[in-house]
Amino acid sequence: MELSGGFKTLSYNGIPLVYDRFVEDGAMYLLDTEAFKLHRLCDWRYLESENGRILRQTLGKPTYTATLVKYCDLICDKPNGQAKLTGISRSGN
């Protein structure tokens, strides 16, 4: 199967199998990505100081900083529709 960006992967029944370096060896997550939604409080915005300024000078230096934030959570609408398989081993090694 070819994914967007030119990557190739194995698939099962048309569903791509994707490697994730954060998943421990011998495990596999079966996730329905359609069940995950990003719920946000607001869109991206800069934090303002008490006087309404966005840019702040770094103390004793000729540089400025600003802080860009977005308050949100990734929420699963169907947590019972997700699974984790463990105890997977390679054969023939």
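1. Strand S3 gives the most to the lining of the largest pocket, with 4 residues, and S2 and S3 each supply at least two residues of that lining. Strands here, like helices, are DSSP runs numbered from the N terminus, with at least two residues (E) for a strand and at least four (H or I) for a helix. The structure is a predicted model, in which local features need pLDDT of at least 70 and side-chain atom pairs count only at pLDDT 80 or more, while totals for chains, interfaces and linings use all residues. Residues are numbered from 1 along each chain as its sequence is written, and side-chain values use heavy atoms, with hydrogens and water left out.

2. The volume of the largest pocket is about 850 Å³, and its lining is made of 21 residues, with Leu17, Val18, Tyr19, Met28 and Tyr29 nearest the centre. By class, the lining holds 13 nonpolar, 3 polar and 5 charged residues. A pocket is an open set of points on a 1 Å grid over the protein atoms alone, where a 1.4 Å probe fits and protein lies on both sides within 12 Å along at least five of seven lines, and lining residues have an atom within 4 Å of a point. Grid points are joined across faces, edges and corners, and the volume is the space filled by probe spheres set on the points. Ala, Val, Leu, Ile, Met, Phe, Trp, Tyr, Cys and Pro count as nonpolar, Asp, Glu, Lys and Arg as charged, and the others, Gly among them, as polar.

3. Thr9, in the segment before S1, is buried at a relative accessible area of 17%, where buried means under 20%, exposed over 50% and partly exposed in between (1.4 Å probe, protein chains only). A polar atom of the Thr9 side chain lies 2.3 Å from the backbone oxygen of Leu17, and Leu17 is also one of the residues nearest the centre of the largest pocket. Apart from neighbours within four places in sequence, Thr9 is in contact (heavy atoms within 4.5 Å) with Met1, Leu3, Pro16, Leu17 and Val18.

4. Lys8 also lies in the segment before S1, but Lys8 is exposed, with a relative accessible area of 70%. Not counting residues up to four places away in sequence, Lys8 touches Met1 and Glu2. The C-alpha atoms of Lys8 and Ile54 are 43 Å apart in space, for a sequence separation of 46 residues.

5. The loop between strand S1 (11-12) and S2 contains Asn13, whose phi is near 55°, a positive value in a residue other than glycine. Most residues other than glycine have a negative phi. With a relative accessible area of 72%, Asn13 is exposed.

6. Across the whole structure, a search finds 2 salt bridges, a salt bridge being a side-chain nitrogen of Lys or Arg within 4 Å of a carboxyl oxygen of Asp or Glu. In one, the side chains of Lys84 and Glu24 meet at 2.8 Å, N to O. This pair links distant parts of the chain, 60 residues apart, with Lys84 in strand S10 (residues 83-86) and Glu24 in the loop between strand S2 (15-16) and strand S3 (27-30). Lys84 is partly exposed at 42% relative accessible area, and Glu24 is partly exposed at 38%. Arg40 and Asp43 also form a salt bridge, with their closest N and O atoms 3.1 Å apart, and Asp43 is partly exposed at 42%.

7. Tyr46 belongs to strand S5 (residues 45-46) and is partly exposed at 43% relative accessibility. The C-alpha atoms of Tyr46 and Thr67 are separated by 5.6 Å, although the two residues are 21 residues apart along the chain. Thr67 is among the residues that Tyr46 touches, together with Ile54, Ala66 and Leu68, when residues up to four places away in sequence are not counted.

8. Asp73, in strand S9 (residues 72-76), counts as exposed at 51% relative accessibility. Asp73 and Leu38 are 35 residues apart in sequence, with 5.8 Å from C-alpha to C-alpha. Leaving aside neighbours within four places in sequence, Asp73 is in contact with Lys37, Leu38 and His39.

9. Leu59, in the loop between strand S6 (56-57) and strand S7 (64-65), is exposed at 84% relative accessibility. Leu59 and Phe22 are 37 residues apart in sequence and 38 Å apart in space, C-alpha to C-alpha.

Technical notes
A polar contact is a pair of N or O atoms within 3.5 Å; within protein, one must be able to donate a hydrogen and the other to accept it, and residues adjacent in sequence count only if both atoms are side-chain atoms.
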